[in-house]
Amino acid sequence: MSQGRFTSPLGAALTGIFDLFRAAPLKLRYTPDIRFDSRRILITGATTGLGYAVAEECARRGADLTLACRSGIPQTGEKIREVTGNAKVDMSRLDLADLDSIHACVDGLVSEGRTFDVVIFNAAVTLAKSRRTASGQDEMFLVNYLANVMLACLLLKRGCLASDARLLFISSDSHRGASAIDWAEFGTFFDYGVSKAISNYSYFKLLLNIMATELDRRLRTDGFSGTVNLICPGPVNSNIIREAPPFLRMVLRGIFTVIFKSPAKAAEPVVYLAGSADFNNRSNVYLHMFAEKPMDPKVYDPEEGQKLWDASVDLWKRIDSRASEALTDL
Ligand SMILES: NC(=O)c1ccc[n+]([C@@H]2O[C@H](COP(=O)([O-])OP(=O)(O)OC[C@H]3O[C@@H](n4cnc5c(N)ncnc54)[C@H](OP(=O)(O)O)[C@@H]3O)[C@@H](O)[C@H]2O)c1
């Protein structure tokens, strides 16, 4: 059975606290001249937490924004327009736990003729126990991993990405130390409780990192001049604990509020990676907040990357009748 880095939410929170004392060598590179004027950015899960803060800062820096969210429509866009004075913010409905919603969102972007210069795959969920989606998958597996593969492929194949687009996956340093992929359980639904949910969170981030690295390999050979990069924002005082059992949520909320970074602070390295010229033509970079470092060694194994890609595509084809049209030639 796969095993993530943590099985206890308190262990994960403690590691987050240590992260606050890490060196931030690139922090001085985050400057006001990083701008997004006339650049179009798509951000998933921008209603709250990190995604909202990144969206607000990108709007302040001149971006044309599309916020792909499952809730908060139209209030989130209205709020960002109001607080930033940037009117170029719109919203699109996207529920990553619902395959039809993913297609409908991309269909809408295509019909509006949207082409994105930056896509930030931010949305994720942490559940207190397993939950099955309508299409039969584990919800955390679908939202935090597989739906990101689908969305990236659909955006690419349906012409929604500029040829030099920057794709950014919001990951977590907790991917480090997760077990190797358990192929026997890949994509299968089974019941679990809090410990396994915490473990799965970091394991699915490992899958995400392996997939993003494989996507980067494939896009390189496809003549795409864009980039695929990843970042862990560090510990964020966000709503990610909203589904925790009440007592645990109360304890974690205390730690998050008093010790963790505000979403606005946590957004800084994400905005830096999304916009700085430091990353022109640099792909498969991993930032842990404001430090660049290698990911877990398992992420770079091309055989695992190929195998994960194939398994993900096979699964996607099995659960989604519209999968094939997005997958030709990738
Ligand atoms: N918080 C941390 O300490 C931390 C540390 C490392 C990495 N991260 C990563 O940072 C990213 C943002 O998380 P956060 O901490 O800001 O959490 P958050 O406050 O819970 O925000 C998560 C966002 O994802 C959206 N979302 C959840 N399920 C969705 C679905 N099925 N379809 C579409 N959107 C969905 C939520 O929308 P609703 O408002 O509609 O629920 C919300 O906008 C995640 O990738 C997370 O793994 C967080």
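Predicted model: local features only at pLDDT ≥ 70, side-chain atom pairs only at ≥ 80, totals over all residues.
**Nonpolar cores**

The largest nonpolar core has 68 residues, and Tyr145, Leu155, Leu167, Phe169, Leu207, Met211 and Leu215 are the members that touch the most others. At least two residues of this core come from each of helix H4 (99-111), strand E4 (116-121), helix H5 (139-157), strand E5 (161-170), helix H6 (194-221), strand E6 (227-232), helix H9 (302-319) and helix H10 (323-327). H5 gives the largest share, 15 residues. Leaving aside residues up to four places away in sequence, Leu167 is in contact with Val119, Phe121, Leu161, Leu215, Leu219, Thr227, Val228 and Asn229. In soluble globular proteins, nonpolar side chains tend to be buried together.

**Helix pairs**

| Helix pair | Angle between axes | Distance between axes |
|---|---|---|
| H2 and H3 | about 40° | 9 Å |
| H1 and H7 | about 0° | 11 Å |
| H4 and H5 | roughly 30° | within 11 Å |

H2 covers residues 49-60 and H3 residues 75-84. Angles under 35 degrees count as roughly parallel, and the H2 and H3 pair is therefore oblique. The crossing of H2 and H3 is right-handed. On the H2 side the contact is made by Tyr52, Ala55, Glu56, Ala59 and Arg60, and on the H3 side by Thr76, Lys79, Ile80, Val83 and Thr84. By class, the residues of this contact are five nonpolar, two polar and three charged.

H1 (residues 9-19) and H7 (residues 246-258) form another pair, and these helices are roughly parallel to each other. Pro9, Leu10, Ala13 and Ile17 of H1 meet Leu248, Val251, Leu252 and Ile255 of H7. The contact of H1 with H7 has eight nonpolar residues, with no polar and no charged ones.

H4 passes H5 in a right-handed crossing. Leu99, Ile102, His103, Val106 and Leu109 of H4 make the contact with Leu142, Ala147, Met150, Leu151, Leu154 and Leu155 of H5. Ten of the residues in this contact are nonpolar, one is polar and none is charged. Leu155 of H5 is also one of the core members that touch the most others.

**The segment before H1**

Thr7 lies in the segment before H1. Its relative accessible area is 40%, so Thr7 is partly exposed. Beyond residues up to four places away in sequence, Thr7 touches Ser195, Ile198 and Ser199. Thr7 and Thr44 are separated by 37 residues in sequence and by 27 Å in space, C-alpha to C-alpha.

**Backbone details**

Most residues other than glycine have a negative phi, and most peptide bonds are trans. The bond from Ile73 to Pro74 is cis, with omega near 5°. Pro74 is in the loop between strand E2 (64-69) and H3.

Two residues other than glycine have a positive phi: Ser38, with a value near 55°, and Met289, with about 55°. Ser38 is in the loop between H1 and strand E1 (40-44), whereas Met289 is in the loop between strand E7 (286-288) and strand E8 (291-292). Ser38 has a relative accessibility of 66% and therefore counts as exposed. Met289, with a relative accessible area of 9%, is buried.

Key:
Residues numbered from 1 in each chain as written. Heavy atoms only, no water. Core = buried A, V, L, I, M, F, W, Y, C linked by side-chain atoms within 4.5 Å. Buried < 20%, exposed > 50% of the residue type's maximum accessible area, 1.4 Å probe, protein only. Helix = DSSP H or I, 4+ residues; strand = E, 2+ residues; numbered from the N terminus. Contact = heavy atoms within 4.5 Å. Axes fitted to C-alpha atoms, helices over the stretch in contact; angles between N-to-C directions. Parallel < 35°, antiparallel > 145°, perpendicular 65-115°, else oblique. Left-handed = near helix turned anticlockwise from the far one by under 90°. Nonpolar A, V, L, I, M, F, W, Y, C, P; charged D, E, K, R; others polar.
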